[in-house]
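Reader: I have the model open and would like to go through a few spots with you. Could we begin with the aromatic residues and move on from there?

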Amino acid sequence: MNKKALEVLEYNKIIGLLIKECGCDMSRAMAERLRPGSEIRDIRDDLRSTTEAVDLIVHKGPLPSGGIYNVSRDVKAARKGLSLYPKQLLQIRYNLFAAGSVRNFMETDVPETKIIKELTDLLVPCRELVADIDRCIISEDEISDNASPELRRLRREIVSQNDAIRNKLTKMVSGKNTYLQDSIVTIRDGRYVIPVKAEHRSSVPGIVHDQSKGGSTLFIEPQVIVDMNNRLKELELAEETEVARILQALSDRVGEHHDEIINDQKLLTQLDFIMAKGKLSLSMGGSEPELGEDGQLELKSARHPLLDKEKAVPVSVTLGEEFRTLVITGPNTGGKTVTLKTIGLLTLMALSGLHIPAAEGSRIPVYDDVFADIGDEQSIEQSLSTFSSHMKNIVFITNHAGSNTLVLVDELGAGTDPTEGAALAIAILERLYELGSYTVATTHYNEIKKYALSTPGVENACMEFDVKTLSPTYHLLVGVPGKSNAFDISRKLGLPRVITQRAKDIIENDDMKFEDVITKIDNDRHRAEQDRREAAKMAADIREQHEKVSRESEDLSKNKEKILAEARRQARDIIRDAKETADEVRKSLRGISNGMTVAERNKAFEEQNRKLNEKSEKYQEHLVRHINSEPVDVRALKAGDTVKVLSLGQNGVILNVKDAGSILVQVGAVKMTLKAKDIAVVTDGSKKSLARRNEMRKASINIARSKALSVSASTDVRGQNLFDAQTDVEKYIDDAYIAGMHEVTIIHGRGEGILKSGIRKALLKNKHVDSIRPGAYNEGGEGVTIVTLKK
């Protein structure tokens, strides 16, 4: 791909946006080297990996592949037998831990991601090596006592020896000693000394290690502790030797795993680059285009990726099927140049494996090369006018263009005499067509419009202009030649009609007729477009009504027999149960003898009456439950709602919803207090309520999608008081949970520990939090808290 086109079409700015989404230096270098490809199979794989990244980010979040280090040089040094520093070993440990985290991330709850899964399956986390580095190294400057039993023993002896020396010296300096400058114990050149007045040098036998600037104080190591200091030095040297041995052993382990570590770094870099492509696609609302080798380009609702997507007007354009040359006309600032750049830049992006900001179903052919001559490049230093600079580019293009190349030319033939310029432009278009190139050119010349109308394989297009508002609409209309609108604009701006009429008279008659034809075509197109929209709306309404009736009829047919059979079964059950109850009551009534007292007979009658009432209530409750199978939410009810009283089969209006959950309902002239189970909400089933539910559903999806894009992987609450910090953290956790993130970082700093302790207590009570832990060395240590969210 020639560098001129990449520069003119601002491909480097797309690369800049991609670099910002990368999470490590190696993936940024990959992005910086990215260029359009020419092998359709490789491009398809690159586009597919971008699509998989988008699916993964939206479904679960991005891979935890960012922040890795370039450890190639360190691993190669370890392979040669050199010893690595703790910092180098910690960076290798971080890369291996990231490899393990990525593999764990991909084990559950992920969408179909064949390419990404194949890469992650190749990762080798070397978990034993990670565990050994964790056990041995605390930080860049500290080796753990647990690194080896010998190191633990030596450090204990060093502590004991230090204590013994200090105790002995403390006894020497305690009390009233006139030969001491101060009653303190200090260290010089790694050995314990005491400050002695120079005039009392002979009073303290020992070795002089230092003296004060004025010479009045000598720092003497007393003879009685020389052997103890020597022993301490021996222990410290032994400690250094053991630490060096431990680091060498870990370095040797790294050398043994050289291939796995280097391969993990390459895979993590590639995965982070793929994630960056996915994030870029989401940020610009991109989609995967189809690829072809037949030269047919089709962009649907395409936007320039460097313009504000809320303000940019989408354009749709085709090329290569019915025509290979497209001539775009229209007023200045009408969007012709932006359309050219959109076609060129989206082509370069697709051939680079990036999604394009266009609707699904867009198609990009795999061109051998893309050429572009856009913008004013006149040069004073090279004595080139605008026309000369354009011609220099055109010469290069005509010499290198071929049968599978895309050529984009802005203002073809401009900058010179209009007659000669138009003739030259037509000749250039003919030459590019003969070469087999696919060409899009912009112009103002009527001669080129006429050429496009009369030449097979060449098509007109124009940028729509609203004369009423004197402003462009930025819509591209393929198949319609544009008009200059100069006379209409001039009249709208107040130029006297006599002047514009004289200008029309001056124009050649054929040119005027051509402009009139274009105007008529434009008017007919507007009317046809209006008729098409109305017909499409009517067809959509009819189709919707037809589908609704069909669905209702189908549902009714399916459920009719089932409902009847169930009703018959329940009726039989009720009749059988009622008969058994009646027989039981009849038998009990016969057993009531005349010998009973009146009170006993009344009690027996009441018992049988109670049994009958229980059965009656049971049947009624069963009926209510059957009809009102979906419980009514009392909180959703309000005065004025229409409900159905299930026991009566009558509709009523809610007068009041009480705190205890009881509902006051008026049915006709009667008021009654009911429970939620006794009523059913009467809905209108209108399209309006259905649309409202659909809007709410879409809104929730949009919220989750926007959260996935906007929620950061960490939040910083340093400097806040505990209450404000807890409030911010709680909101951040809610946003992260909605966005589908698995792990986030809370940055609170070390300080006195109040903020850290308060935040961690609040996190343990949060319903979205699965677990928390302090940050590892490379994550910020005790200054951060790593939060794992529930799935």
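Author: Gladly, and please keep in mind that this is a predicted model. At 0% relative accessibility, Tyr367 counts as buried, because the limit for that class is under 20%.

Reader: Where in the chain is Tyr367, and which residue is its partner in the pair that links distant parts of the chain?

Author: Tyr367 sits in the loop between strand 11 (363-365) and strand 12 (369-373), while its partner Tyr438 belongs to strand 14 (residues 438-443), and the two are 71 residues apart. Tyr438 is buried as well, with a relative accessible area of 9%.

Reader: How are the rings of Tyr367 and Tyr438 placed, and what is the pair called?

Author: Their centres are 5.9 Å apart and their planes stand at 55°, so the pair is classed as tilted.

Reader: How many aromatic pairs does a search of the whole structure find?

Author: That search finds three aromatic pairs. Another of them joins Tyr69 and Tyr94, whose ring centres are 5.6 Å apart with planes at 75°, so this pair is edge-to-face. It too links distant parts of the chain, since Tyr69 lies in the loop between helix 4 (40-59) and helix 5, whereas Tyr94 is in helix 6, 25 residues apart.

Reader: Buried or partly exposed: what are Tyr69 and Tyr94?

Author: Tyr69 counts as partly exposed at 30% relative accessibility, whereas Tyr94 is buried, with a relative accessible area of 16%.

Reader: Staying in that region, which residues of helix 5 are buried, and what do they pack against?

Author: In helix 5, which spans residues 72-79, the buried residues are Ser72, Asp74, Val75, Ala77 and Ala78. These buried residues pack against helix 6 (86-105), helix 10 (226-256) and helix 11 (258-284). After helix 5 comes Gly81, which has a positive phi near 100°.

Reader: Which residues other than glycine have a positive phi?

Author: Glu10 is one of them, with phi near 65°, and it lies in the loop between helix 1 (3-8) and helix 2 (11-21). Glu411 is another case, with a positive phi of about 55°, and its place is the loop between strand 13 (405-409) and helix 14 (418-435). Glu411 is partly exposed, at a relative accessible area of 21%.

Reader: Switching to strands, how many residues of strand 15 are buried, and in which sense does it pair with strand 10?

Author: Strand 15 (residues 458-466) is mostly covered, with seven of its nine residues buried. It pairs with strand 10 (residues 325-329) in the parallel sense, over five bridges. Within that pairing, Thr325 has Val458 of strand 15 as its bridge partner.

Reader: And Thr217, where is it, and what does it touch?

Author: Thr217 is in strand 6 (residues 217-222) and is buried, with a relative accessible area of 7%. Leaving aside residues up to four places away in sequence, Thr217 touches Gln181, Pro195, Val196, Asp210, Gln211 and Ser212.

Reader: Last topic, the surface: which residues make the nonpolar patch of about 270 Å²?

Author: That patch is made by Leu495, Val498 and Ile499. Ile499 is found in helix 17 (residues 497-506), and with a relative accessible area of 43% it is partly exposed.

Methods
Residues are numbered from 1 along each chain as its sequence is written. This is a predicted model: local features need pLDDT of at least 70, side-chain atom pairs count only at pLDDT 80 or more; totals for chains, interfaces and linings use all residues. Side-chain values use heavy atoms; hydrogens and water are left out. Helices (H or I, at least four residues) and strands (E, at least two) are DSSP runs, numbered from the N terminus. Buried means under 20% relative accessible area, exposed over 50%, partly exposed in between (1.4 Å probe, protein chains only). Contact means heavy atoms within 4.5 Å. Two strands pair if DSSP finds at least two bridges between them. Patches are made of residues with over 30% relative accessible area and no salt bridge: like charges are joined within 9 Å, nonpolar side chains (Val, Leu, Ile, Met, Phe, Trp, Tyr) within 5 Å. Accessible areas come from the Shrake-Rupley method with a 1.4 Å probe; for residues, only the protein chains shown count as cover. A salt bridge is a side-chain nitrogen of Lys or Arg within 4 Å of a carboxyl oxygen of Asp or Glu. Rings of Phe, Tyr and Trp (its six-membered ring) pair if their centres lie within 6.5 Å; planes under 30 degrees apart count as stacked, over 60 as edge-to-face and the rest as tilted.
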